[in-house]
Amino acid sequence: MKALDQLRSTMRRDRVFDFMMQTSGLEVDVSHGTILYLEDISVSFDGFKAINNLNLYIDAGELRCIIGPNGAGKTTMMDIITGKTRPDTGSAYFGQNIDLLHLSEPDIAQAGIGRKFQKPTVFESHTLFENLELAMAGDKRVWPTLIARLNSQQLERIDEVLEIIGLQEHRTQLAGSLSHGQKQWLEIGMLLMQDPKLLLVDEPVAGMTHQEMDRTAELLTSLAGQHSVVVVEHDMDFVRSIARKVTVLHQGSVLAEGSMNEVQNDPRVVEVYLGEQGES
Ligand SMILES: Nc1ncnc2c1ncn2[C@@H]1O[C@H](COP(=O)(O)OP(=O)(O)O)[C@@H](O)[C@H]1O
Ligand SMILES: [Mg+2]
C-alpha cells in the first residue's frame, strides 16, 4: 500500500519536475564572462594526436563558429566537452566552477550543455508538440508521467519554443512529415526544452536548401545572448552569414581566430584550405 502511494506521488507531474530539478545540481558560474575553458587539451588515438595542446575560450552568450579541414579535430573537441571522450592531458571547465573532466556524459548534459548531432533524431511518429513535450523530460524514465496534463507554464514553454524555431503552424503535424531542414529546427527546439546554457551544433546546414540555410542562420543568431552557441560547419557561405568570431582548427590546435575576413585572409589558413583541395 505504501509502495503504491509512493508510486502515485512520483508519478505526479509537479513532483516529477521537482525531482528533475534536484538532480540538475550545480549552477554554472559565468561571473567572469566565460562559459567554456579548454586549456592545454591533448588526446591521442593509437599514437595519433587528434587534439594537440588545444586552448579555446567561449564567452557567455557568444555565437562562435569553428571551421577547419577534415580531420582537424572538430568533432573530437565536441566529444571532449560533452564527456564522450576523455583527454590525456589538459583541463575543461564549464564556467569557473564545473570541472567537465570529472562529470559523466549525462551529468554534463544535466549541467546545461546540449549537443545537436548532424543527423536529426526526432520521433517521426509523434507530433511536433509531443516531441517537445518528451524533450522537456530528457530522462526517459519519467516519460510515462507525461501522459498527465501539462501545467500552464510548461504549455507556454512549448509554444515559445515552437515560435523560436518557426514551426508553430505545424504543432499538431507528425514530425515524420517535416522537411529535412524543419526536422533540424525541431531538434534544436528539443534541445531548447532543456534550457541549455551552452549549445554545441555539428554541421547544422548539411543537406539544407539555401532558404533553409538562411532560416537556420537567423535561428542560431537569435539564440545567442540567451545561450552560448558553438557551431561547427563546413559551409563557408553559411559561416560568413552568421559569423562573429571564427576559430580555425588544424591538426588538433587553434590555427587562427578572428572575424571571418581576418581568418580568410590569414596566409596560414589559406594554405591549409588549399592543401585540402589539392588532396581531394
Ligand atoms: N575514436 C577514434 N579513434 C581513432 N581515431 C579517431 C577517433 N576519433 C577521431 N579520430 C581521428 O582523429 C582525427 C580528428 O577527427 P575529427 O575530430 O573527427 O575531425 P573533424 O571533425 O575536424 O573532421 C582524425 O584523423 C580522425 O581519424
Ligand atoms: Mg567532424
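**Helix packing, ligand shell and backbone**

Student: At what angle do helix H5 (residues 128–136) and helix H6 (residues 152–164) pack?

Tutor: This is a predicted model, in which local features need pLDDT of at least 70, side-chain atom pairs count only at pLDDT 80 or more, and totals for chains, interfaces and linings use all residues. Residues are numbered from 1 along each chain as its sequence is written, while chains are lettered from A and ligands numbered from 1 in the order in which they are written. Helices (H or I, at least four residues) and strands (E, at least two) are DSSP runs numbered from the N terminus, and axes are lines fitted to C-alpha atoms, for helices over the stretch in contact, with angles from 0 to 180 degrees between N-to-C directions. The axes of H5 and H6 lie 10 Å apart, and the packing angle is about 120 degrees.

Student: Which term describes the orientation of H5 and H6 to each other?

Tutor: Angles under 35 degrees count as roughly parallel, over 145 as roughly antiparallel, 65 to 115 as roughly perpendicular and the rest as oblique. H5 and H6 pack at about 120 degrees. The orientation of H5 and H6 is therefore oblique.

Student: How many nonpolar residues are in the contact of H5 with H6?

Tutor: Leu128, Phe129, Leu132, Glu133 and Met136 of H5 make the contact with Gln154, Ile158, Val161 and Leu162 of H6 (contact: C-beta atoms, placed from the backbone, within 7 Å). Ala, Val, Leu, Ile, Met, Phe, Trp, Tyr, Cys and Pro count as nonpolar, Asp, Glu, Lys and Arg as charged, and the others, Gly among them, as polar. Besides one polar and one charged residue, the nonpolar ones number seven.

Student: What are the buried residues of H5?

Tutor: A residue is buried if 20 or more other C-beta atoms lie within 10 Å of its own, exposed if 12 or fewer, and partly exposed in between, with C-beta atoms placed from the backbone. The cover over the buried residues of H5 includes H6 and helix H7 (180–192). The buried residues of H5 are Leu128, Asn131, Leu132, Glu133 and Ala135.

Student: How far apart are the axes of H5 and H7?

Tutor: Leu128, Asn131, Leu132 and Ala135 in H5 meet Leu186, Gly189 and Met190 in H7. That contact divides into five nonpolar, two polar and no charged residues. H5 and H7 pack at about 35 degrees, and the distance between their axes is 8 Å.

Student: Which helix provides the largest share of the shell around ligand 1?

Tutor: Around ligand 1 are Phe45, Ala50, Gly68, Asn70, Gly71, Ala72, Gly73, Lys74, Thr75 and Thr76 (near: C-beta atom, placed from the backbone, within 6 Å). By class, the shell has three nonpolar, six polar and one charged. The largest share, three residues, comes from helix H3 (residues 74–81).

Student: Is Asp46 buried or exposed?

Tutor: Asp46 lies in the loop between strand S1 (34–45) and strand S2 (48–59). Its phi is positive, about 50 degrees, although Asp46 is not a glycine. With 5 other C-beta atoms within 10 Å, Asp46 is exposed.

Student: What is the phi of Asn53?

Tutor: Asn53 lies in strand S2. With 14 C-beta neighbours inside 10 Å, Asn53 counts as partly exposed. Although Asn53 is not a glycine, its phi is positive, at about 55 degrees.

Student: What separates the C-alpha atoms of Asp59 and Leu36?

Tutor: Asp59 lies in strand S2. Leaving aside neighbours within four places in sequence, Asp59 is in contact with Gly33, Thr34 and Ile35. Asp59 and Leu36 are 23 residues apart along the chain, and their C-alpha atoms are separated by 7.1 Å.

Notes:
Contact = placed C-beta atoms within 7 Å.
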